[in-house]
Amino acid sequence: MNLIVLGAGQGGEKVLKTLAEYRDLQILCVVDKRPEAPGMLLAEQLRIPTAPDVDSALQQVQGQIDVILEVTGHTEVYMRLLERFPERPIVVPASALQFFMLIMSEKERLIASARTRQRDLQRILNATQDGMIGIDAGGRVTLCNAAAERMLGVSSATMRGRKAHTWIPLEVYEPILQGKDSPVTQMRSQAGTDLVVHALPMDDETLQRAGSLVVLRDVTEVHRLAAEVTNLREVQQLLEAIIQSTQDAISVVDQNGIGWMINPAYTRLTGLPPERVIGQPAEVDIAEGESMHMQVLRTGQAVRNVPLKVGPLRKEVIVDVAPIWVGNELRGSVGVIHDVSEIKQLTDELQRANRLIRSLSAKYRFEDIVGSSQAVIHAIDQARKAAATSAPVLLRGEPGTGKELFAHAIHQESQRAKGPFVRVNCALFSEEMLEIELFGLEEGASSSLLRGRIGLLEEASGGTLFLDEIGEMSVSTQAKLLRVLQEKELVRVGGTRPIAVDVRLISATHLHLEQAVAAGRFREDLYYRINVIPIFIPPLRYRKEDIEELAKAILQRQNQAFGRNVDAISKDALQALIRWDWPGNVRELENVLGRAMMSVGYSETTLSAHHLPPLGFSVQELAGETGESGYLPRQGTLNERMQMVEQAILRETLAATGGNKTEAARRLGISVRTLYYKLETSEKR
């Protein structure tokens with residue numbers, strides 16, 4: 001059928017879009033006096049001729065015109081066309097086209113809905129683990145899901161429309177197409193997979209047989225699951241044997257808090273036989289206290305070292321209970337019960353003693369400071385003179401040089417040696433928490449979980465307070481510390497009552513305090529208060545003659561920690577140590593030797609160069625700048641090598657900033673507290 005569309009406005013554009021999809025309709029021309037009309041522009045895109053009027057269109061058109069579609073919406077235009085073409089071609093007015101377009105819109109909606117349902121069905125089929133193949137009454141494949149593609153090794157595009165017997169034996173689905181039942185059979189696909197195959201009937205709305213649905217299941221997966229079940233049973237038996245043989249009392253409850261398993265040690269400890277516990281609520285064995293099983297089931301969090309009394313004899317125990325997670329599901333909890341009734345009194349006394357001596361003792365003396373270089377001897381001489389007075393001391397030096405070691409020694413040789421020695425690192429606390437740690441908290445002064453307590457300044461009264469990294473202290477806290485030094489008294493956070501204290505202050509910093517004073521980050525009056533006796537601790541690169549003595553002393557300590565018996569260092573190893581500048585100072589030397597000890601055999605007594613981890617690590621090489629001293633770790637696991645990279649970056653940044661941790665943290669884009677954590681973690685490695 002050949003058409004001419006008269007009118008190219010929005011209505012004409014819509015008609016043109018709809019009719020262009022039909023192959024049996026040929027649009028010979030689109031007519032509108034406006035070249036910029038939407039329908040005219042669309043006609044140009046579809047390569048359909050256009051004309052400004054009907055006469056011009058008739059001159060362009062070759063062949064018979066069957067229909068003229070008048071979509072201008074003007075009745076007079078339609079009437080003129082009827083007068084001009086009373087019989088052929090047929091003139092269809094815009095009012096009739098509205099009904100036609102309504103039907104077409106509904107058809108498009110139904111088609112879109114059908115396509116959506118088809119996509120949803122295909123998604124559902126693809127989500128199943130079983131393979132599914134649809135076969136019509138003629139034996140041709142109509143659908144195939146992803147699992148069937150995988151099992152048969154053939155794409156659905158290849159299978160659709162072709163006879164199914166190419167991939168599925170006729171005896172599987174042919175009985176279904178004939179209205180009979182199909183047995184479950186086994187087959188091997190062309191991909192070599194063993195399958196269990198079963199066919200199901202598919203009927204249309206008139207209950208006539210329309211085809212068959214063939215369901216495929218990979219037998220290999222079934223065998224794997226069966227093997228897993230067998231393995232799980234063996235593991236369960238092994239775990240039960242372990243639980244039954246362990247000397248620690250163990251109890252297990254399910255997710256509802258009902259006893260599921262206990263071992264003989266549990267019965268011996270509590271005096272409760274299995275029939276009194278298994279199948280009973282978790283509280284059945286509690287004589288005094290709350291069931292930790294129920295608490296763990298409520299919170300999903302483990303609990304440790306909880307004192308309870310259990311059994312008819314009210315046995316004193318300590319329990320550790322952990323949740324049992326299977327995937328993301330809490331399936332129960334397991335408790336380990338320790339009998340501590342005989343040692344409870346001693347444990348309590350030990351805990352009290354530990355609380356009393358927390359941070360209240362110094363461990364090192366001047367004799368523990370290793371080094372015979374002139375720089376170290378001078379620093380020790382200054383420190384001995386400082387120990388004879390009660391004046392404030394400021395220890396200055398790079399991180400890892402041993403400032404805390406000097407603080408210990410000064411206290412031990414002072415007249416306050418019998419008093420407490422309290423240590424605090426100012427960089428590890430927020431401003432609020434540091435104030436509470438130093439000055440204490442008045443009872444009832446905080447609505448948080450913090451209870452009233454005395455501060456470290458009160459604990460150190462009569463002794464020494466060592467403030468490490470004092471340069472990290474906020475200006476407001478500096479003002480409160482200055483008052484303590486001037487007035488010999490403090491006021492707890494949230495309190496008003498002054499408390500007299502007698503503290504000797506030793507401070508330490510790696511910062512350039514004079515610059516901090518000039519920048520307003522450190523109070524000038526406090527600087528003069530704490531800088532009465534300044535002592536500079538030299539970095540290791542300035543006293544390399546001490547490296548051999550330091551290394552031997554470190555190895556003696558590490559022999560016991562690592563279970564080795566190293567009593568000598570080879571010349572090549574010593575030369576390698578001396579060549580390195582040690583931006584991390586003695587702390588870095590301890591780290592390197594500790595890692596080297598892991599490479600030393602149990603029977604070896606000499607530390608050689610090949611035991612040492614690589615020195616001279618260059619961060620620039622990681623960025624593609626290879627130098628003679630550059631080193632990129634090529635041994636160890638990915639985690640170990642990443643740790644080496646991180647340590648090298650920390651060392652190089654600290655060296656570049658002269659040991660200034662605040663500036664190093666700024667350059668690395670991390671907080672000072674994170675930098676300290678990474679340095680401490682590096683030391684432990």
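A residue is termed buried at under 20% relative accessible area, exposed at over 50% and partly exposed in between, with a 1.4 Å probe and protein chains only. By this criterion, 42% of the 685 residues in the protein are buried. The structure is a predicted model, in which local features need pLDDT of at least 70 and side-chain atom pairs count only at pLDDT 80 or more, whereas totals for chains, interfaces and linings use all residues. Residues are numbered from 1 along each chain as its sequence is written, and side-chain values use heavy atoms, without hydrogens and water.

The C-alpha atoms fill a box of roughly 130 × 75 × 65 Å along the principal axes. The protein contains 27 helices and 25 strands, assigned as DSSP runs of H or I of at least four residues and of E of at least two, respectively, and numbered from the N terminus.

Helix H8 (residues 170-177) has Val172, Tyr173, Pro175 and Ile176 as its buried residues. These fall within an arc of 150° when viewed down the helix axis, and so line one face of H8; the arc is that of the directions from the axis to the C-beta atoms. The cover over these residues, with contact meaning heavy atoms within 4.5 Å, includes strands S6 (131-136), S8 (185-188), S9 (194-203) and S10 (209-218). Gly179, which follows H8, has a positive phi near 85°.

Positive phi values also occur at residues other than glycine. Leu207, with phi near 65°, lies in the loop between S9 and S10 and is exposed, at a relative accessible area of 70%. Arg314, with phi of about 50°, is located in the loop between S14 and S15 and is partly exposed, at 40% relative accessibility.

A search of the whole structure identified 5 cavities of 30 Å³ or more, a cavity being a set of points, on a 1 Å grid over the protein atoms alone, where a 1.4 Å probe fits but cannot get out.

Note on methods:
1 Å grid on protein atoms, 1.4 Å probe; cavity = no way out; pocket = protein on both sides within 12 Å on 5 of 7 lines; lining within 4 Å. Points joined across faces, edges and corners; volume = space filled by probe spheres on them.
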